[in-house]
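I opened this model to take a few notes. My plan was to pick some spots and write down what each one shows.

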Amino acid sequence: MAESSKIQLFVKASDDGETIGHCPFCQRLFMILLLKGVPFTLTTVDTKRSLDVLKDFAPGAQLPVLLYDGEPKTDTNMIEEFLEETLGPPSFPSLVPKYKESSIAGNDVFHKFSAYIKNPVPAQDEALQKNLLKALLKLDKYLNTPLEYELVRDSQLTLSQRRFLDGDQMTLADCSLLPKLNIVNVVCQHYRQFGIPKELHGLWRYLDSAAEVKEFKYTCPNSEEIVQAYRAVVRPLK
């Protein structure tokens, strides 16, 4: 059984140097640890002033950093794998999706968003926005398509009612995708007056479900923090 002193997660701090900052990878690991229900210590690191808190065990490392029993781990994907292997059943829940499609659903959204929001050429905006919309539509379709377990319950079901990617419980797939979707919606609304379309009902059912659970809402940075993080890379609208 893991003890509180065994696990320490170091994440990026916000501009105030204390609360949670903008970092989808930090939020991803924070969500995983909360879903596991394991005791851990969370430390926010002010990257402008106090990166030296990492110098004794992970010099030069990028956040997030996990300390497990004094051993540093610095690669987000490898940390996720390590936590799933180390904190597994029966003591802790497995967070691996049951359906492999859930692990890749929406995996192109953030790339399309980045291409759109960071585009320096105004003439390309429309095409890049369409590409982002296609990715969002594809994700919406997946969220609206009943999964096998839903069809076992109701073979006539045509529209999924599940809350998350893989079912009614969050998995690793949600921990990876939701922080990025939140960034997409906040940044596009603020800088392009273009949020995730309300007619994407499956996607909004998903986002609304996430907003109801502490593992997501308590790990989100303040929206203004996200807006500020993108200020230097977004081309202003004329």
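Entry 1. I began with Arg-163, which is partly exposed because its relative accessibility is 28%. My scale: buried is under 20% relative accessible area, exposed is over 50%, and partly exposed lies in between, with a 1.4 Å probe and protein chains only. The model is predicted, so I note that local features need pLDDT of at least 70, side-chain atom pairs count only at pLDDT 80 or more, and totals for chains, interfaces and linings use all residues. Residues are numbered from 1 along each chain as its sequence is written, and side-chain values use heavy atoms, leaving out hydrogens and water.

Entry 2. I placed Arg-163 in the loop between α6 (148–153) and α7 (172–192). Helices (H or I, at least four residues) and strands (E, at least two) are DSSP runs numbered from the N terminus. I then listed contacts, meaning heavy atoms within 4.5 Å. Leaving aside residues up to four places away in sequence, Arg-163 touches Asp-168, Arg-205, Tyr-206, Ser-209, Glu-212 and Val-213. Ser-209 is 46 residues from Arg-163 along the chain, yet their C-alpha atoms are separated by 5.7 Å.

Entry 3. Next I looked up Glu-80 in helix α2 (residues 76–86). Is Glu-80 buried or exposed? Glu-80 is buried, because its relative accessible area is 14%. Its side chain makes a polar contact with the side chain of Arg-28 at 3.1 Å. A polar contact is a pair of N or O atoms within 3.5 Å; within protein, one must be able to donate a hydrogen and the other to accept it, and residues adjacent in sequence count only if both atoms are side-chain atoms. Beyond four places in sequence, Glu-80 touches Arg-28, Leu-29, Ile-32 and Leu-172.

Entry 4. I turned to the strands, where pairing takes at least two DSSP bridges. Strand β1 (residues 7–12) runs parallel to β2 (residues 41–45), with five bridges. Leu-9 stands opposite Leu-42 in β2. β1 also pairs with β3, antiparallel, over four bridges. There Ile-7 faces Tyr-68. β3 in turn pairs antiparallel with β4 (residues 71–73) over three bridges.

Entry 5. I checked the side chains of β3 (residues 65–68). Val-65 and Leu-67 point one way, Leu-66 and Tyr-68 the other, and all are buried. In a regular strand the side chains alternate between the two faces of the sheet.

Entry 6. Last, I counted disulfides, pairs of cysteine sulfur atoms within 2.5 Å. The count is zero.
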